[in-house]
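Here is my note on the model you sent. Please keep the structure open while you read.

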Amino acid sequence: MNKLLLVVALATLLSCTDSSKKETTNATQTEEIEEVVLAEGNRISALAQQALGGQLKQAISERGVLEAVKFCNVAAYPILDTLTTGLDAEIKRASLRPRNPQDAPTDTEGKILEQYQSQLSSSQELQPVVEVLDEQHILYAKPIVMNNPLCLNCHGTVGTQVSDETNALLKSLYPEDNATGHQLGDLRGIWSITFSREDLVAYLNQQ
């Protein structure tokens, strides 16, 4: 009987040890995955901002505000689709005051946007967020803040910063536009980048 109890005790101990090792391994892997998401999210969002911002400034300087509005309407998402990420990632923008219906936030994006808005209102520094959506997807979010006066040509006060002509074009292209009336320093939205956990694990295994 004593031998049997000893065997059971050893088996239980080994089982607990194996379980503890698995939990430690899973926790370590999750931490590594989130580090990759943060690094890649920072890199991709910077590329996206540079690609869109650079071409938009060029459009304004070469063809004027009206042509820049048309450029945004047809080119913004195709430009994002061409970015090479190296990982399976979906890149989009999201806003509580979207211009394009495609930029309407999901429930998770909406909560992040509200959190950023609260932090901005209390003069806190806004930092990127990494959040696990489910077993297969991890979200990276980074705030987009209105810090360039050029943006006010399309997102500022209608009648002063946004000309009547520009506003008429915006309304024709975006009938549900909610993106005017902003001031410098406002939260315009977020970069929202969703990564595949499977792809991230494969990436880590290759390192």
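1. **Ground rules.** This is a predicted model, in which local features need pLDDT of at least 70 and side-chain atom pairs count only at pLDDT 80 or more, while totals for chains, interfaces and linings use all residues. Residues are numbered from 1 along each chain as its sequence is written, and side-chain values use heavy atoms, with hydrogens and water left out.

2. **Fold.** The chain has 6 helices and 4 strands. Helices (H or I, at least four residues) and strands (E, at least two) are DSSP runs, numbered from the N terminus. Their order along the sequence is α-α-β-α-β-β-α-α-β-α.

3. **Burial.** Of the 207 residues in the chain, 36% are buried. Buried means under 20% relative accessible area, exposed over 50%, and partly exposed in between (1.4 Å probe, protein chains only).

4. **Helix H6.** Which residues are buried in H6? In this helix, residues 197-206, they are Arg197, Leu200 and Leu204. They cover an arc of only 60° around the axis, so they sit on the same side of H6. The arc is taken from the directions from the helix axis to the C-beta atoms. Glu198, Asn205 and Gln206 are exposed on the other side of H6.

5. **Cysteines.** How many disulfides does the structure hold? It holds 0 (a disulfide is a pair of cysteine sulfur atoms within 2.5 Å). For Cys151, the nearest cysteine sulfur belongs to Cys154, 8.4 Å away. Cys151 is partly exposed, at 27% relative accessible area. Cys154 is buried, at 14%.
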